[in-house]
Amino acid sequence: MNGIVFKSVSKSYNGRPAVRDFSLTISRGERIVVLGHSGCGKTTVLRLLAGFITPDKGIIEIDGQVVAKDGKNLKEPEERQLGMVFQDLALWPHLTAKGNLEFGLKAQGVSASKRKQEIADVLRLMHIEKYANAKPSQLSGGQQQRVALARALILKPKALLMDVRYKKNWSWYVTRLIKNIQKSVRQFYDIRKLRFLLYASRLESQDITRIKQDDAGVIWLGKS
Ligand SMILES: Nc1ncnc2c1ncn2[C@@H]1O[C@H](COP(=O)(O)OP(=O)(O)O)[C@@H](O)[C@H]1O
Ligand SMILES: [Mg+2]
């Protein structure tokens with residue numbers, strides 16, 4: 001089956017459960033926004049899927065392949081073909097925007113000429129061509145965010161995982177984010193990809209209605 005599946009996944013840190021018996025199926029092309037209060041396990045869910053941590057119990061599948069099961073990671077993060085935008089962005093401070101984008105392509109053995117082309121394409125897509133040679137500290141927060149998104153997209157991931165920072169004007173921000181990402185992803189590559197957006201707490205019901213109008217599913221983690 002094409003998609004992402006969590007089957008009764010649990011993860012504890014030092015004996016304290018962070019995610020308990022979590023199940024979710026995301027089909028190809030589907031977008032999901034995970035909501036819940038601070039500390040309810042949203043980041044843990046993303047890190048489990050990305051392969052940075054291992055579930056104590058349960059199964060995680062990507063496109064029909066078991067990638068983690070009952071305390072064992074069966075696929076390393078780099079084998080999972082997922083793109084991650086971390087909440088703190090985690091750009092490499094010593095590398096330029098271009099260097100940040102090139103890193104993953106190099107690791108995948110992409111040729112120098114192809115790397116150059118792909119980097120130029122994604123910089124243009126994100127409207128950050130001008131900043132190709134700037135280091136993260138020389139960029140605004142928004143520009144850094146675009147470099148982080150570009151870095152995830154350039155590897156043409158099966159799914160885009162975004163750990164999104166809390167914003168005051170929720171509904172406007174969520175709607176805009178989802179729309180922009182949809183547009184960017186479509187321009188950059190054609191296939192309908194999985195998308196998985198992560199969100200924090202305290203959305204009003206009208207905000208959720210608007211996210212749903214944008215064709216994204218909403219799930220609650222923990223108590224709403
Ligand atoms: N590396 C860690 N070590 C110990 N506890 C952690 C670690 N990461 C997260 N936790 C705990 O697990 C719970 C879920 O955290 P997290 O997934 O970051 O929640 P959220 O992203 O929803 O705010 C919290 O209680 C948090 O303190
Ligand atoms: Mg978090």
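This is a predicted model: local features need pLDDT of at least 70, side-chain atom pairs count only at pLDDT 80 or more; totals for chains, interfaces and linings use all residues.

Trainee: Okay, which residues are around ligand 1?

Mentor: Around ligand 1 you'll find Tyr-13, Asn-14, Ala-18, Gly-36, Ser-38, Gly-39, Cys-40, Gly-41, Lys-42, Thr-43 and Thr-44.

Trainee: And which element gives the largest share of that shell?

Mentor: That's helix 1, residues 42-50, and its share is 3 residues.

Trainee: How many bridges join strand 1 to strand 4?

Mentor: There are 5 bridges between strand 1 (residues 3-13) and strand 4, and the two run antiparallel. In that pairing, Lys-7 sits opposite Ile-59 of strand 4. Val-5 also has a bridge partner in strand 4, namely Glu-61.

Trainee: How do strand 4 and strand 5 run, parallel or antiparallel?

Mentor: Antiparallel, with 4 bridges joining strand 4 (residues 57-62) to strand 5 (residues 65-69). Their hairpin has 2 residues between the strands, and Asp-63 there takes a positive phi near 45°.

Trainee: What about the hairpin of strand 5 and strand 6, which residue takes a positive phi there?

Mentor: Asp-70, with a phi near 40°, and that hairpin has 2 residues between the strands. Strand 5 and strand 6 (residues 72-73) are joined by 2 bridges and run antiparallel. Lys-69 stands opposite Lys-72 of strand 6.

Trainee: Good. Now helices: at what angle do helix 2 and helix 4 pack?

Mentor: About 20°, with the axes of helix 2 (residues 97-107) and helix 4 (residues 141-153) 9 Å apart. An angle under 35 degrees counts as roughly parallel, so helix 2 is roughly parallel to helix 4. Helix 2 passes helix 4 in a right-handed crossing.

Trainee: Which residues meet there?

Mentor: From helix 2 it's Ala-97, Asn-100, Leu-101 and Gly-104, and from helix 4 it's Val-147, Ala-150 and Arg-151. By class, the contact of helix 2 with helix 4 comes to 4 nonpolar, 2 polar and 1 charged residues.

Trainee: And helix 2 with helix 3, what's the packing angle?

Mentor: About 130°, and the axes of helix 2 and helix 3 (residues 112-125) are 10 Å apart. That angle makes helix 2 oblique to helix 3. The crossing of helix 2 and helix 3 is right-handed.

Trainee: Who makes the contact on each side?

Mentor: Helix 2 brings Lys-98, Leu-101, Glu-102, Leu-105 and Lys-106, while helix 3 brings Arg-115, Glu-118, Ile-119 and Val-122. In class terms, the contact of helix 2 with helix 3 has 4 nonpolar, no polar and 5 charged residues.

Trainee: So where does Leu-101 turn up?

Mentor: In helix 2, where Leu-101 is among the residues meeting helix 4 and also among those in contact with helix 3.

Note on methods: Residues are numbered from 1 along each chain as its sequence is written. Chains are lettered from A and ligands numbered from 1 in the order in which they are written. Axes are lines fitted to C-alpha atoms, for helices over the stretch in contact, and angles run from 0 to 180 degrees between N-to-C directions. Angles under 35 degrees count as roughly parallel, over 145 as roughly antiparallel, 65 to 115 as roughly perpendicular and the rest as oblique. A crossing is left-handed if the near helix is turned anticlockwise from the far one by less than a right angle, and right-handed if clockwise. Two residues are in contact if their C-beta atoms, placed from the backbone, lie within 7 Å. Ala, Val, Leu, Ile, Met, Phe, Trp, Tyr, Cys and Pro count as nonpolar, Asp, Glu, Lys and Arg as charged, and the others, Gly among them, as polar. A residue is near a molecule or strand if its C-beta atom, placed from the backbone, lies within 6 Å of it. Two strands pair if DSSP finds at least two bridges between them.
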